Amino acid sequence: MNIFRMTYYLVSISFKDFGFWFWTLCYPLLLTGLFIMATSNMTVGELENIDVGIQEDQELTEVIEEIDFINMTVMSEEEAVSEMKQGDISGYIHGDNTLLVTESGFDQTVLEMVINQIEKVAGSGIPYENYDFEAQFIEENSQEAQPEAVLFYSLIAMIAFYGIFSGIEFMSSMQPNLDPMGARFAASPYSKVKFLSASVLGALILNLATNFLILAVIIILYKINLFTELGPTLGLLFIANLTGIGLGLIIGLLPKINAGMKTTVSVIFIIGLAALSGLMGPFIKIILIENNLTWVNTLNPLARLTDTMYKINFLGNYDDYWATIGMLIGYAAVFFSITLLSLRRKQYDSI
Amino acid sequence: MTVFKGILLHFWKYRILIVILLSAFFIFAVMFSLGNSSENYTSESLRIDIIDNSRSEISRGLIDYLDENNEVTVSNEENPDIEALEEKIFLNAIDGFITIPEDAESRFTSGSPVVETTADQRSTQHLQMQTAIRQYFTFLKADFDTTGELHTDAVTELLSDSIDVEIHESVDVEAQSNFEYMRNYTNFAGYWIMLFLLILVGNIMSEFNSPELKQRINVSPMKTSTFMSQMILSQIVFGLFVVAFMFFGALALRMDSLSGVPLGKMFTALLLITAFTLSIHYVIAAFTTNKFIINGLANFIAIGMAFLSGIMIPFEVMGQTAQNIAQYLPLYHFTQIYAEPDITWGEAAFPMLVTVLYTVAFLIIGMILENKRKTSS
């Protein structure tokens, strides 16, 4: 039987498998919808003014009134505490120029700095006319923080690695001690390399098709502009799918564990890698960066894929594009080589 | 207790896997809630990277001043990696970066912009960074215009001596920060317990429910009620083990920082979410023994609820639709059992009741499906 006919049969088998469609299509689409719902308010809007309460006849009233980004209201301490606890104001300025707060935060720190500055102008001994409050000391550039985008890229990276399930399925069905189909296959003269190639090709075709469908839904239906560099992104996904299938083959090689448990282990393993790459928010990535543990995500293929996708699409940075492709190809080559070496010349006393 | 022991032996078969996964996700949960407790008001520090091309008196002064209250990283490299810094802002790993050009001193004296900043201009952190830099240069320039000399140390000293900021006496800062830590930890532990139990119990029980074993159980003289009670008991024992691992693990880590934390309510919440998870598992098991479906449903239910209940991202920043949906999710009510450090049992009773009702509802659905399956087979 030629390799393409075998590929066709294998694709047909997977096509009829509910589990395959759930994992590679329904689950990612459900998660994408969920992420969109959950993150729709997450992007920071315009900078909001800071609301502050001030004691009646406070000496700083006039100066603070002049500051653009502070909204000031005269009130008693009791009212202020109540409003602070409800989150309506950030602080309260007492008559002795002290600041009363109910929590630490950026708004409170800015207020502290402003009051400090006003006090220090008076107490520095420098003539007031020498202060130039309009002077431009800073040239400002903007780089938007968009950590929520990482969720989506991490999700897409996770989907790209779902070829792992096809790999496990293939290995389990090919091992004579685990599956009757494997026993039949072992007794047939069909080449293992051809069978492996057909399986990989079949899995690749189906996974890529579902990946493209999900990207299309994200771009066309959900109208999220995540892929400004579509071509290079697809290149990455192609290689990642191959690596995912290879990883599945390696896990499938584990002896004495049935396919179901291998799938369970893979689900948890992939979620773990995806969590490190930012699936549950980028805070875990940041913790790794801050604790000099960047090597964890340097070795984590999902994190490499996630990082490279947002770098090329959001930041226009191609610095590690080829390194990521090289790394993913390297992983895939190692996985496929080990698989082939493990499968060759294997014999069973009885099947 | 044959069934009870049999199921526990099934769990025992995967003991190494269970311990590895428990440990891995315990570490995740700890990472999820990293933070330090403080006893007083602390100014919010910014995470700033500074590229100092000037290496002058002015740049040293600015760095010293910002370093007093912020986490400053200085780079003196010839060709700094700007794109890496922009990526850090994109990820929120830093609040911004400052570039001090070579000719900073001449720019300062001539009145041109002295430094270049890059930050997300929509954030309060940007405002704080601008205020700090502007404040420093305003005082330095005023002093320079008055004396004709640069007194960077004096300006830093002058500005470092800040006004008094008081936390209102009704607020216990230490308890609040202890509580924040444990709340984040318990939130994540709740999600993790759901995922772990649904996947592991689901898969192990699907092995136990294999046709060969089922047939043996059917022909055995054991009553269905005895069988069911032993099965549920074994799952509860396993659930308690997982809860104990996650809860007491956190207590051991935070032994000195537990004041103000409603530990009783957190433990109760974890027990209730375990019971709820086992009831969902009961429904899934009555509905299918297909491991793909079990894994898929477990994953989607756990991660879906975690996102919509404000565990992965703060509830306040979620969209209105998501917030409305959250009110109907048991994991949201799980988080409400310990929502405040000083929450009373009376206040926690309602979310506890909702979680219990969800558990009962799923148990009933499970029983109906189970009976239907038995009748049809």
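How many helices and strands does chain A have? Chain A has 15 helices and 5 strands, where helices (H or I, at least four residues) and strands (E, at least two) are DSSP runs numbered from the N terminus. The structure is a predicted model, in which local features need pLDDT of at least 70 and side-chain atom pairs count only at pLDDT 80 or more, whereas totals for chains, interfaces and linings use all residues. Residues are numbered from 1 along each chain as its sequence is written, and chains are lettered from A and ligands numbered from 1 in the order in which they are written.

The C-alpha trace of chain A spans about 95 × 40 × 40 Å along its principal axes. Its radius of gyration, taken over C-alpha atoms, is 29 Å, while a compact globule of 351 residues would have a value near 20 Å; the globule rule behind this comparison is 2.2 Å times the number of residues to the power 0.38. Of the 351 residues of chain A, 43% count as buried, a residue being buried if 20 or more other C-beta atoms, placed from the backbone, lie within 10 Å of its own, exposed if 12 or fewer do, and partly exposed in between. Two residues are in contact if their C-beta atoms, placed from the backbone, lie within 7 Å, and among the contacts in chain A with a separation of 6 or more, 71% are made by residues 24 or more positions apart.

Chain A is divided into domain 1 (3-39 + 147-343) and domain 2 (50-126), with bounds that come from an automatic or database domain assignment. The centres of domain 1 of chain A and domain 2 of chain A, taken over C-alpha atoms, are separated by 54 Å. An unreviewed UniProt entry places the feature "transmembrane region" at residues 20-38, 150-172, 193-222, 234-254, 266-289 and 321-343 of chain A; UniProt positions are given in the numbering used here, feature names are shortened, and annotations may be inferred rather than shown by experiment. Residues 193-222 of chain A are 97% helix and 0% strand, with end C-alpha atoms 41 Å apart, and residues 234-254 of chain A are 90% helix and 0% strand, with end C-alpha atoms 31 Å apart.

A:Glu48 lies in the loop between helix 2 (18-39) and strand 1 (50-54) of chain A, and A:Glu48 counts as partly exposed because it has 13 C-beta neighbours inside 10 Å. Its C-alpha atom is separated by 9.2 Å from that of A:Ile70, which is 22 residues away along the chain. In helix 14 (residues 301-314) of chain A, 13 of the 14 residues are buried. The end C-alpha atoms of helix 14 of chain A are 20 Å apart, in agreement with the 20 Å that its 14 residues should span at 1.5 Å a residue, the expected span being 1.5 Å times one less than the number of residues. Just after helix 14 of chain A, A:Gly316 takes a positive phi of about 60 degrees.

Chain B has 15 helices and 5 strands. The radius of gyration of chain B is 29 Å, well over the 21 Å that the globule rule gives for 377 residues, so chain B is more spread out than a compact globule. Its C-alpha trace spans about 100 × 50 × 40 Å along the principal axes, and buried residues make up 44% of the 377 residues in chain B. Chain B is divided into domain 1 (2-37 + 172-376) and domain 2 (47-160), and the C-alpha centres of these two domains of chain B lie 49 Å apart. Helix 10 (residues 224-253) of chain B, with 30 residues, reaches 43 Å from its first C-alpha to its last, close to the 44 Å expected at 1.5 Å a residue. Among the buried residues of helix 10 of chain B are B:Met231, B:Phe238 and B:Val242.

The two chains also meet, with 82 residues of chain A in contact with 79 residues of chain B. Helix 5 of chain A gives the most to the side of chain A that touches chain B, with 12 residues. The residues of that side of chain A divide into 44 nonpolar, 26 polar and 12 charged, where Ala, Val, Leu, Ile, Met, Phe, Trp, Tyr, Cys and Pro count as nonpolar, Asp, Glu, Lys and Arg as charged, and the others, Gly among them, as polar.
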